[in-house]
Amino acid sequence: MKGLTKSMMWVLMAGLVVSMSPATAAPITFTKDVMPILQENCQNCHRPSGQNMSGMIAPMSLMDYREVRPWAKSIVKAVESRQMPPWHASANQNGHFLNERTLTEKEIQTIADWVKQGAKRGSPSDAPAPVEFKEGWIMGEPDLVLTFPKDYFIKDEVEDLYYNVTVKLTDEQLSEDAWVSGVEFIPGSEVVHHIIAYASDPEIVGSIKENEDLEGASEEQLRGRVMLGGLAPGTDPGYYPEGFAFPLKKGSEITFAMHYHKESGPGTGVFDNSTMALKFSDKEPEHILGITNIAHGAFEIPPGHPNWVVSGAHTFEEDVLLVNLFPHTHLRGKASTYTAIYPDGTTEVLLETPAYDFNWQEYYYYKEPKLMPAGTRMEVELVYDNSPENAERSGFDSSRAVRFGGPTTDEMDLGWYTYAPAVKADATD
Ligand code: HEC
């Protein structure tokens with residue numbers, strides 16, 4: 001309280017009293033109470049040309065009273081059920097992740113009470129200034145933008161297709177080795193199910209063949225190949241913390257590992273040409289990033305089983321900083337848990353997604369990279385629902401046993417994570 005005179009204190013306290021008492025008595029209005037919540041938590045997606053999260057585009061704009069009023073009842077339902085804003089980590093992890101999207105109890109109550117009181121507009125002079133959304137790249141201006149050398153046609157008969165498009169970087173595109181600090185994609189068509197970006201050091205591996213299976217590649221095969229990031233339905237772009245970056249060699253080959261998924265049949269064929277943008281760090285990173293996953297791989301989910309559990313684990317041999325977690329399953333996946341078992345025997349649940357949603361595959365970015373001391377065992381548990389009820393909802397065949405496989409109607413059990421050695425790069429050499 002040093003520096004505050006007694007009279008200043010009185011002014012502050014009087015301000016509190018004035019702002020508190022009418023709030024309890026005055027009716028809740030859109031302009032005063034609800035619009036700030038929507039600006040903060042909804043409009044990033046619910047606006048004209050809102051954030052396209054790999055094909056997940058919000059169906060309506062919620063920028064002003066006129067646009068919001070017809071949706072008032074649906075909004076209450078969506079926020080009370082916590083369907084909106086979309087966020088699938090358990091509330092136990094609230095506060096851990098940078099890209100968390102949650103409303104407080106109080107905000108949910110305000111929206112519900114507003115509708116109960118007749119969803120009034122209120123005085124236009126109470127409204128906060130409209131938010132100006134930046135158009136273009138979410139991560140900021142990229143240093144290199146890559147597209148396919150030519151459009152690729154996904155034929156009528158295709159339902160699921162893995163296809164690699166490789167672009168060799170010219171000296172004009174990349175005149176010297178660089179450090180990648182951000183990766184963002186624009187899917188070129190609505191049939192893009194995911195994109196994984198790889199960079200290959202040509203001196204070590206040479207090009208990735210057109211239809212080489214990358215998801216099942218061994219560690220040996222992957223040496224010299226750096227995964228730069230990925231995009232799946234519902235994901236945010238890759239934004240990495242200050243001082244963290246991926247190495248990118250001059251002359252590298254960049255691969256778009258595409259997964260297309262669509263209905264098959266006459267007239268369903270579509271051209272795709274997706275875009276990948278890279279942002280470079282202008283100084284040497286302290287921490288060199290890598291992306292890898294924990295997978296069991298050799299599982300078989302019995303026909304009709306509603307609750308099949310698959311788990312895998314990895315023990316860190318050195319101190320590692322976790323940057324993000326990304327659980328990945330297909331249509332039958334219903335929950336995921338990452339747990340750390342520390343060398344002293346204590347355990348911590350890092351991430352739980354009690355209602356995993358195939359359409360909202362999230363990267364969970366730590367606010368501060370999370371230290372996994374050497375000797376920590378990280379376990380990933382994935383749960384699958386192969387019941388006829390889920391088959392009906394999600395569109396698959398529950399009468400067969402399911403194993404690891406590329407098509408979305410097979411399954412995957414990939415506990416992805418992005419990490420870096422905790423020891424600073426310059427301290428090691
Ligand atoms: C990250 C992007 C994103 C954010 C943030 C977001 N939404 Fe949505 N919203 C969507 C998408 C995409 C859909 C349609 C797909 C779906 O329902 O899952 C949707 C659907 C909805 C629906 C259902 C529309 C219908 O057809 O019934 C409502 C209501 C809604 N959102 C309200 C909100 C509110 C209120 C907020 C903020 C508290 C919010 N959303 C935040 C992306 C978002």
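Select histidine 46 first: this residue is buried, with a relative accessible area of 9%. Buried means under 20% relative accessible area, exposed means over 50%, and partly exposed lies in between (1.4 Å probe, protein chains only). The model is predicted, so local features need pLDDT of at least 70 and side-chain atom pairs count only at pLDDT 80 or more, while totals for chains, interfaces and linings use all residues. Residues are numbered from 1 along each chain as its sequence is written, and side-chain values use heavy atoms, with hydrogens and water left out.

**The iron site**

His46 (NE2) and Met84 (SD) are the protein donors of the iron atom of the ligand, lying 2.0 to 2.3 Å from it. Donors are N, O and S atoms within 2.8 Å of the metal (3.2 Å for Na, K and Ca); water is not among the atoms, so sites may look incomplete. Around the iron atom of the ligand, 6 donor atoms subtend angles of 86 to 180 degrees, which makes the arrangement octahedral. For six donors, octahedral means that opposite donors are over 155 degrees apart and all others between 65 and 115.

The two residues link distant parts of the chain, 38 residues apart: histidine 46 is in the loop between helix 2 (30–41) and helix 3 (65–68), and methionine 84 in the loop between helix 4 (72–80) and helix 5. Helices (H or I, at least four residues) and strands (E, at least two) are DSSP runs, numbered from the N terminus.

**Salt bridges**

A salt bridge here is a side-chain nitrogen of Lys or Arg within 4 Å of a carboxyl oxygen of Asp or Glu. Aspartate 113 is partly exposed at 22%, and lysine 116 is exposed at 66%. The structure holds 12 salt bridges.

For another one, select aspartate 171 and lysine 250, whose closest N and O atoms are 3.9 Å apart. Aspartate 171 is in the loop between strand 3 (160–168) and strand 4 (178–186), and lysine 250 in the loop between strand 8 (244–248) and strand 9 (253–261), so the pair ties together parts that are 79 residues apart in sequence.

**The nonpolar cores**

Select Leu228, Leu248, Phe256, Tyr260 and Leu278: they have the most contacts inside the largest nonpolar core, which has 50 residues. A nonpolar core is a set of buried Ala, Val, Leu, Ile, Met, Phe, Trp, Tyr and Cys residues joined through side-chain atoms within 4.5 Å. Strand 5 (residues 192–200) gives the most to this core, with 6 residues. Domain 2 (137–285) and domain 3 (290–429) both give residues to the core, so it lies between them; the domain bounds come from an automatic or database domain assignment.

Apart from this core lies another, of 25 residues, among them Trp87, Val310, Met372 and Leu382.

**Threonine 329**

The last stop is threonine 329, in the loop between strand 15 (320–328) and strand 16 (333–341). Threonine 329 is buried, at 1% relative accessibility. Leaving aside neighbours within four places in sequence, threonine 329 is in contact with residues including Tyr356, Phe358, Leu382 and Met412. Contact means heavy atoms within 4.5 Å.

Note on methods
Four donors count as tetrahedral if all angles lie between 85 and 135 degrees; four count as square planar and six as octahedral if opposite donors are over 155 degrees apart and all others between 65 and 115; anything else is irregular.
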